Amino acid sequence: MMKFKNQKIALTCYIVFTALLVIVGCKEPEKKVTLTVTATAYNSVEHQTKKGNPGLAAWGDQLEPGEKAIAVSRDLIDLGLDHNEEVEIDGLEGTYIVKDKMNRRWEKKIDIYMGLDEEAAKEWGRKKVQITFNEVDKPNDKFSSK
């Protein structure tokens, strides 16, 4: 009787483990998108941002110095680089999060948040960089399967 009970438990564990492997294995691989954009930098100071609350981003996030955040031009949002998407920027360590959006006049552009360090933002200047992010299948973006 005890042997049968242990075999039943072992079989149940095997089935659950196999099911988990199948579920994890069925996940679609992430598709990466790489684009070349113009990158500038900005700070949370009133003459660069919103008067009265310079840390307030366009989606309502409150930016904090030290945070790895970027603003994106609206055409990049249309490509799927939307709020809270993760972005890798060639030449910079780590992952940046889309927390802000830029004025409609800009295209193929990102703005890297540099807290209160205006000198670092000036030193960065304007550069062409490659950014990489996960292709997200959202309705109406360039990558949509609709």
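How many nonpolar, polar and charged residues are in the lining of the largest pocket? The lining has nine nonpolar, four polar and five charged residues. Here Ala, Val, Leu, Ile, Met, Phe, Trp, Tyr, Cys and Pro count as nonpolar; Asp, Glu, Lys and Arg count as charged; the others, Gly among them, count as polar. The volume of this pocket is about 330 Å³. Its lining holds 18 residues, and Y42, Q48, D100, K101 and D111 are the closest to its centre. A pocket is defined on a 1 Å grid over the protein atoms alone, as an open set of points where a 1.4 Å probe fits, with protein on both sides within 12 Å along at least five of seven lines. Lining residues have an atom within 4 Å of a point. Grid points are joined across faces, edges and corners, and the volume is the space filled by probe spheres set on the points.

The model is predicted: local features need pLDDT of at least 70, side-chain atom pairs count only at pLDDT 80 or more, and totals for chains, interfaces and linings use all residues. Residues are numbered from 1 along each chain as its sequence is written, and side-chain values use heavy atoms, with hydrogens and water left out.

The chain contains three helices and six strands. Both are DSSP runs numbered from the N terminus: helices are H or I with at least four residues, strands are E with at least two. Along the sequence the pattern reads α-β-β-α-β-β-β-α-β. Of the 146 residues, 33% count as buried. Buried means under 20% relative accessible area, exposed means over 50%, and partly exposed lies in between (1.4 Å probe, protein chains only).

The six strands form a closed barrel in the order β1-β5-β2-β4-β3-β6, with mixed pairing. Neighbouring strands of this sheet are turned by 45° against each other on average, direction ignored. The axes behind this angle are lines fitted to C-alpha atoms, for helices over the stretch in contact; angles run from 0 to 180 degrees between N-to-C directions. Two strands count as paired if DSSP finds at least two bridges between them.

Strand β1 is largely enclosed by the rest of the structure, because eight of its 11 residues are buried. It pairs with β6 (residues 127-134) in the antiparallel sense, over eight bridges. In this pair, A39 stands opposite K127 of β6. With β5, β1 pairs in the parallel sense over five bridges. There, T38 has K109 of β5 as its bridge partner. A41 also belongs to β1. A41 counts as buried, because its relative accessibility is 16%. The C-alpha atoms of A41 and Y113 are separated by 5.9 Å, although the two residues are 72 apart along the chain.

Strand β5 (residues 109-113) also pairs with β2, in the antiparallel sense and over three bridges. V72 has I110 of β5 as its bridge partner. V72 and D82 are 10 residues apart in sequence and 8.4 Å apart in space, C-alpha to C-alpha. D82 lies in the loop between α2 (74-78) and β3 (86-89). D82 is partly exposed, with a relative accessible area of 24%.

Three bridges join β3 to β4, and the two run antiparallel. They form a hairpin with five residues between them. G91 in the turn has a positive phi of about 95°. E88 has T95 of β4 as its bridge partner. E88 also stands opposite T132 in β6. Two bridges join β3 to β6, again antiparallel.

Side chains of opposite charge can pair when their charged atoms come close. The rule for a salt bridge is a side-chain nitrogen of Lys or Arg within 4 Å of a carboxyl oxygen of Asp or Glu. By this rule the count is one salt bridge. The side chains of K99 and D61 form it, at 3.8 Å from N to O. This pair links distant parts of the chain, 38 residues apart: K99 in strand β4 (residues 95-101), D61 in the loop between β1 (32-42) and β2 (69-72). K99 counts as buried, because its relative accessibility is 15%. D61 counts as buried too, at 18%.
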